[in-house]
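Thank you all for coming; I would like to walk you through a structure that may be new to you.

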Amino acid sequence: MNDNPITGQCLCGAVKFRISGEFQAFFLCHCSRCRKDSGSAHSANLFSSTASLTWVSGAESIKTFQLSGTRHVKCFCSDCGSALPVSQPEVGLLVVPAGSLDSQIHIRPNAHICWSSRADWDNDLASIQRIEGLPG
């Protein structure tokens, strides 16, 4: 990452944010909670203990959900449902959904985590046909 802030937004553009600082880790999490959060095989989240988050616009559209009895938290746009960064100052952590970023980042995923919890259909996905656009 460089000295320029990283920017991102939700799908509808109601919520925009800026992140200043470095990401220390980038994990693809296959736990059942992250699969439900993302609706996919895994979540793709960047982690930082030092970066700062600034909401540029749309703070009134941010909804936060914390799964009862856990530290699992999800922030999202109440208009379009897009995943948004979660600041957890009580544990000194900023979690940023990689897909919410507009800026280029120069960190690659460090690891697949909770691999043993992956969906039963999440095997050898690299061997599946690749189509450049939409099918049909």
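**Aromatic pairs and the core**

The structure holds 2 aromatic pairs, where rings of Phe, Tyr and Trp (its six-membered ring) pair if their centres lie within 6.5 Å, and planes under 30 degrees apart count as stacked, over 60 as edge-to-face and the rest as tilted. Please keep in mind that this is a predicted model, in which local features need pLDDT of at least 70 and side-chain atom pairs count only at pLDDT 80 or more, while totals for chains, interfaces and linings use all residues. Residues are numbered from 1 along each chain as its sequence is written, and side-chain values use heavy atoms, with hydrogens and water left out.

Phe17 and Trp55 form an edge-to-face pair, at 6.0 Å centre to centre and with 75 degrees between the planes. This pair links strand 2, which holds Phe17, to strand 5 (residues 52-57), which holds Trp55, across 38 residues; strands here are DSSP runs of E, at least two residues, numbered from the N terminus. Phe17 is buried, at 1% relative accessible area, whereas Trp55, at 29%, is partly exposed; buried means under 20%, exposed over 50%, and partly exposed in between, with a 1.4 Å probe and protein chains only.

Phe27 and Phe47 form a tilted pair, 5.7 Å centre to centre with 55 degrees between the planes. Phe27 lies in strand 3 and Phe47 in strand 4 (residues 43-48), so this pair ties together parts 20 residues apart in sequence.

Finally, Leu84 is in contact (heavy atoms within 4.5 Å) with residues including Phe17 and Trp55, leaving aside its neighbours within four places in sequence.

Technical notes: Helices (H or I, at least four residues) and strands (E, at least two) are DSSP runs, numbered from the N terminus.
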